Amino acid sequence: MNKQLSRRGFLASSAGLVIGLTLPMAGRAQSGAALAFEGDGTEGTFAPNAFVRVAPDDTVTVMIKHIEFGQGPNTGLATLVAEELDADWSQMRAESAPANTELYKNLAFGMQGTGGSTAMANSYMQMRKAGAAARAMLVAAAAEEWGVPASEITVENGIVSHPDGQSSGFGALAEKAAMQTVPEDPPVKSADQFRLIGSDLPKLDTAAKSNGTATFTMDLYRDGMLTVVVAHPPKFGATVASYDDAEALKVPGVEAVHQIPQGVAVYATSTYAAIKGRNALTVEWDESAAETRSTDEMYEAFSAAAAEGGRDAEVNGDGAAGIDGAAQVIEAEFRFPYLAHAPMEPLDGVLEVREDGAEAWMGSQFPTLDLPAIAGPLGLDPANVKINVMLAGGSFGRRAQDTSHFASELAEIGKAAGPGTYKLVWTREDDIHGGYYRPLTVHRFRAGLDDGGALLGWENVVANQSIMAGGPMAQMMQDGMDPTSYEGSSNLPYDFGHSRVGWAVQENPVSVLWWRSVGHSHTGYAVEVFLDMVLEAQGKDPLQGRLDLLKADGDRFRGVLEKVGEMAGWDGTTVRDGKGYGIAVVKSFNTYVAEIAEVSDAGGFPKVHRVWCAVDCGVAVNPNVIRAQMEGGIGYGLGSVLFDEITLGDGGEVQQSNFDTYRMLRIHEMPEVEVEIIQSDADPTGVGEPGLPPIGPAVANAWRALTGKTVTRLPFTASMEA
């Protein structure tokens, strides 16, 4: 074994700097480089580690280990490298890293994957170290080339310079830099030395996504490729009993039909022919194990389970004991529907099956899980399977599949048809109709006040399905408890005195999945609306009442609450000039967000005019990206609370199928949004999801202030119709 490589280790240091080089042969000999890092083969390219490539033309390409689906890791992670490299932003590029757990694992997960708003949080020091290592090697190369001490060399805006007048771009030094010793623990800058971190740098991928040159999986076409669509069961839990493909095979362009575990697959020379062939199929379904309850029937069952109290998820003091015998007991039940993710690009993937291996192209959010999911059905060693991670047109949790169900289906169509190239496409109807929803949830609340209005106790029981149970991540559950089902109802910043959170797990065959902000998407609404009800009963101002309830360690909550109040000119008046004002604050994924919504009554339905948002996410690496994520989360969340729901009708069939029946927020309905970022020296946290949870309760609280009506069944459209 190469001694230098062994000493440093493949995964070096706690910061996770990965040493694995693709260098000219001379460089490999001196640096002890391994072949683990798959470079692009460009002659003279300098790849000091698995994340950074410096090309002869001075461009710096950063390999991004997290999928880019609009949340900004391409820009954010490249910023970290550029900062420590002292590069010019114009020379920076970003490229998706391939599936490789050893090189590109998420340090928060221990596997390669994107989720939980961890992209920046887990990469912050790792990427800075990667950039610092590359800088040190370029400086060492220049010192050797010019015969000067390295300590006298400076780097600024991509130019390496010495006081004697010698200077060079990165590219001219690349080959010599590749032969330098890789620093084991290069120093990084202090915050007062940041030049790029904290700046509104333009996103690296905006132009390509705007002019159509960016390549998504749906854009891929390969020679001889067949497009495949699958007829899935119409009810959750149903399976194929029998099928007749005679009419489907008569459709011009349809090449084959095969049954797979997920349904019946139709292979054709075009998407149109594949869909038309699927429509011509006759399939008999076995519904003996199918879910046949309607949404209303489920709500009743979940409500009954919540009333029984569930299992203890969190108990403080005497739990719910403080409520019994209270002078005043406030109660409420909130109902949250199944929600689809509805990303702009539906699920799709390309698979090339060969006798000795396979290669896939897909927007893989969990490559570590998807890779064996493809290898298994094909009977391949995972080492002989390659996944190319593609740009994806949104996710909101849809591609975060712990069961890798799409990758498995992709493998099954390859297995059924044999060697060849296949593009599997889920239409929007397949996706909206086919499940993997945010779980339907019921929250049941009680709070007790004494004669003087003091809060004695708080109880919240959550009833819903577990996302993790039965899947590969069930090992993360403890004693059968899935914290993602009730996160945001426990560990609250408020001191309620005695309190209890319960969880009543519900089981049924409807397929569920993480949805943007996961449990916080419903707990944030339920907690913050019920808290408003309690504060009203106490005669307290919604903002001051929250501040008064904060625990001693609630400074960051206090910071965003006071900031958003200042932004909105909060004076304790919740209704003025015909508009209501509501406030909410939620911490999710270690980021603190407070929002105030301004709402009017537009014919019995809320019109949201403005939203003020204060966010504390630690160091603001790129404020432009943070503001965009807050705005996006507010828009996505607003649509969900006002319009979105997936319902099961009598017999259990889904009643929605596309945007005509699954109503998203439309562009003219987007309110004016003002975002302010709290200055902080804390390590950065996530921003992809935390903007969403406060918008629902902020709007609901404004609507309640304006009309006196508390919306307890979402979406608003369902409550207005009820």
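To what number does the count of disulfides come? With a disulfide defined as a pair of cysteine sulfur atoms within 2.5 Å, the count comes to zero. Cys 613 is in no disulfide, and the nearest cysteine sulfur, that of Cys 617, is 9.8 Å away. Seen from Cys 617, the closest cysteine sulfur is that of Cys 613, which is too far for a bond at 9.8 Å.

Cys 613 counts as buried because its relative accessibility is 0%; buried means under 20% relative accessible area, exposed over 50%, and partly exposed in between, with a 1.4 Å probe and protein chains only. Cys 617 is buried as well, with a relative accessible area of 1%.

**Basis of the model**

This is a predicted model, in which local features need pLDDT of at least 70 and side-chain atom pairs count only at pLDDT 80 or more, while totals for chains, interfaces and linings use all residues. Residues are numbered from 1 along each chain as its sequence is written, and side-chain values use heavy atoms, leaving out hydrogens and water.

Helices (H or I, at least four residues) and strands (E, at least two) are DSSP runs numbered from the N terminus, and two strands pair if DSSP finds at least two bridges between them. Seven strands form an open sheet of mixed pairing in the order 12-13-10-20-17-18-19. Strand 12 (254–260) and strand 19 (385–389) are the edge strands, each pairing on one side only.

Strand 17 (residues 348–353) and strand 20 (residues 420–425) run antiparallel and are joined by six bridges. Val 353 stands opposite Gly 420 in strand 20.
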